[in-house]
Amino acid sequence: MTEKNIIEMKAVEKRYGSFRAASDIDLELKEGEFFSLLGPSGCGKTTVLRMIAGFQEPSRGSILIDGQDMAGVPANNRPTNMVFQSYAIFPHLNVANNVAYGLRGKVPKAEIDARVTEVLEMVELGGLHRRGANELSGGQRQRVALARALIMRPKVLLLDEPLSALDKKLREQMQFEMRNLQQSLGITFVMVTHDQYEAMTMSDRIGVMFDGRLMQIDTPATLYARPCNRAVASFIGEMNILPALLMEEGNSLLLIDAAGFGRMQIERNPNASGHARDILVGIRPEQLEIKAEKPADYPATVQGTVSNVAFYGENIHYHVAVDGIDTLMAVSVPNYFHTVDFNRGDAVWLGLQEASVIDLGKDK
Amino acid sequence: MFKLRSEAAKGYTLSAPATAYVGFLVAAPLIILIAYSFWSQTYVTLDKSLTLKNYREALADPLVHHLMLRSIWIAGAVTLTTVALAYPIAYFIAMKARKKTIWLLLITIPFWSSYLLRVFAWKLILGFNGVMNSALLGMGLIDEPLSFLLYNEFAVVLTLAHAWAPFAILPIYVSLQKIDPSLLEAATDLGNTPVQRFLRVTLPLTVQGIIAACLIIFIPTVGDYVTPALVGGSDGKMIANLIQVQFGAANNWPLGATLSLLAMMSVGFVAIVFVIAGRGVGRRIR
């Protein structure tokens, strides 16, 4: 990754009649970065991707790719290539001709052949040159789509939900493969996804979108640890969200009275959009310790009753009903015997360290 | 396995009425036709001893050659004209039009009147004192009526192209409709201009539709009898008119049957060559 900006979007807006598909999009992407646009369906992430590709023109604002303003530049003249959600493999062409499609007529035939072979090796489809488009499996189609875009040596590779059509095992394998490919090629990847795990495992940075707006742009770890508001906090991973009263506001610390848990001192979240008397705090389920007795070594505790247990294998999710607040979720690693420690109806204690409570700013 | 068998049996049962119907109305007359072609007739006596006389006679007759070639040429011209005009319409409906159903309905409007009436309508338009000539005279663009509009090959091609247009539009429309829009975006994304994209993606993916449209028009128009009889004049006569004469005025059914079979074979041959060539062209585009 270099310090050079490969994509700059300034105050970009896309309107369909009175509906704003995307608004106030300000984005700077570094060369060689793996960036993901993450959000629920209909949040405008695909619109942003398609504006970069040139399939849609912004209603307002500007898009620069490698310093050049893309206004009025049609999709076929942009230094970007796209991997489509449906893969869009040309059904009348075999693998080699699909991959060579964008080079025909621009590059000598011998060079095309060499580059096709090279890029097919790269996506592990070596030797499948003459395979017909309709004889490919889902994973192979995905690789052909990737090869067909990469052979163009784009400045930016755009990926629209590239893994959503694959089964879970293959999807996880491709996540690593694509990440490795991106790092070895050093090309900027911009991926649209609604799958938070996909975005977290592959990206250098993630932009979280809701209702056409970019809510937060950060590294996966920062998004998880310091989400800017309730929406981002509950979209990325699981989060218990509690109301709290702000008693004293310092520059780096806040003194709060959190519902159920009482007074505590927590770190101020610089990403939070603002503070007021009523704020929200978040607690990751894996930070809640579940015990049969009141835990002595935890400064904040609460008592409740187990209302639901879900055994996932690598961890166990407990839903704990607590008087006066919403049901809390605690996640714990199973014991050595992989048996469940608590059952539905058991009275339990939940313990919490102050450092793990996340300030989510004022409650709107 | 047992279930599969009963499924197949169900299929045969369901198609049995149609099979019987087609068998009776197509296969039976065809067999009679073949039988007739090997018989011979002198005035009113039908000689049922088998002979190749009709085939020898037909193949040696320059008039038969001439009419057969003209029929194929006219049908080819009709096919080419119709498909060339139908493709843009089908493209518009499939790719651009908002209210596709209304457009498709509008296209079927010519069928709301009978074929014969439409041919007569063209006669009224193209005739010596017809709409076209009156209009041109009225506007002062010509001094005397144009005579080349009616009773020639041009009139036959024009009339048939109009009559068969929906049959070309529909199969092409269906094949265009089936194209995944993301394929077109992918072509653009890979650097194609709209024209390149059309030639490299849209056209190859609609080859099947074009071939279907060509066959649907070419095969029936080679044997068309009504249109050349009404608007063709002597220059526009086709093989079907000669066949009709054998079954009518000339009263030589065996020769008529032979000519019919020869016409069918010629059409079949041209159609097969066309399908193979069309597929080959479709496959060569990359």
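A residue counts as buried when its relative accessible area is under 20%. I start there because B:P166, at 3% relative accessibility, falls below that cut-off and so counts as buried. The model on the screen is a predicted one, and the values I give are computed from it.

Let me stay with B:P166 for a moment. This proline is found in helix 7 of chain B, residues 153–177. Which residues does B:P166 touch, leaving aside its neighbours within four places in sequence? The contacts are with B:I107, B:F111 and B:P171. As for distance, B:P166 and B:N54 are 112 residues apart along the chain, and their C-alpha atoms are separated by 38 Å.

Still in chain B, please look at helix 12, residues 239–247. Its buried residues are B:I239, B:A240, B:N241, B:L242, B:I243 and B:Q246. What covers them includes helix 3 (62–96), helix 10 (207–222), helix 11 (226–231) and helix 13 of chain B.

Helix 13 spans residues 253–284, and the loop between helix 12 and helix 13 holds B:N251. Phi of B:N251 is near 50 degrees, a positive value in a residue other than glycine. For background, most residues other than glycine have a negative phi. Is B:N251 buried, exposed or partly exposed? Its relative accessibility is 32%, so B:N251 counts as partly exposed.

Now to chain A. How many helices and strands does chain A have? There are eight helices and 20 strands. Its C-alpha atoms fill a box of roughly 75 × 50 × 35 Å, taken along the principal axes. Chain A has 364 residues, and 54% of them count as buried. If we take contacts in chain A between residues at least 6 apart in sequence, 67% join residues at least 24 apart.

Strand 1, residues 5–16, and strand 2, residues 19–30, run antiparallel and are joined by eight bridges. One of the pairs across them is A:M9 with its bridge partner A:L27 in strand 2 of chain A. The two strands form a hairpin with two residues between them. In that turn, A:G17 has a positive phi of about 65 degrees.

Strand 1 of chain A also pairs with strand 4, residues 60–65, again antiparallel, and here five bridges make the join. Within this pairing, A:I7 stands opposite A:I65 in strand 4 of chain A.

Next, a helix pair in chain A. Helix 4, residues 138–150, packs against helix 5, residues 168–185, at an angle of about 15 degrees, and the axes are 12 Å apart. Angles under 35 degrees count as roughly parallel, and the two helices are therefore roughly parallel to each other. The crossing of helix 4 past helix 5 is right-handed.

Which residues make that contact? From helix 4 of chain A they are A:G139, A:Q142, A:R143, A:L146 and A:L150. From helix 5 of chain A they are A:L170, A:Q173, A:M174, A:E177, A:M178, A:L181 and A:L185. By type, the residues of this contact divide into seven nonpolar, three polar and two charged.

Further along chain A there is an open sheet of five strands, in the order 13-12-11-14-20, with antiparallel pairing. The edge strands are strand 13 and strand 20, the latter at 357–362, and each pairs on one side only. From one strand to the next, the twist averages 40 degrees.

Within this sheet, strand 12, residues 253–258, and strand 13, residues 262–267, are joined by six bridges and run antiparallel. A:L253 has A:E267 in strand 13 of chain A as its bridge partner, and A:L255 stands opposite A:Q265 in strand 13 of chain A. Strands 12 and 13 make a hairpin with three residues between the strands, and there A:G260 takes a positive phi near 85 degrees.

One last residue. Where does A:H338 sit? Its place is in the loop between strand 18 (328–332) and strand 19 (347–352) of chain A. A:H338 is not a glycine, but its phi is positive, at about 55 degrees.

Definitions and conventions:
Residues numbered from 1 in each chain as written. Chains lettered and ligands numbered in written order. Predicted model: local features only at pLDDT ≥ 70, side-chain atom pairs only at ≥ 80, totals over all residues. Heavy atoms only, no water. Pairing = 2+ DSSP bridges. Helix = DSSP H or I, 4+ residues; strand = E, 2+ residues; numbered from the N terminus. Axes fitted to C-alpha atoms, helices over the stretch in contact; angles between N-to-C directions. Parallel < 35°, antiparallel > 145°, perpendicular 65-115°, else oblique. Left-handed = near helix turned anticlockwise from the far one by under 90°. Contact = heavy atoms within 4.5 Å. Nonpolar A, V, L, I, M, F, W, Y, C, P; charged D, E, K, R; others polar. Buried < 20%, exposed > 50% of the residue type's maximum accessible area, 1.4 Å probe, protein only.
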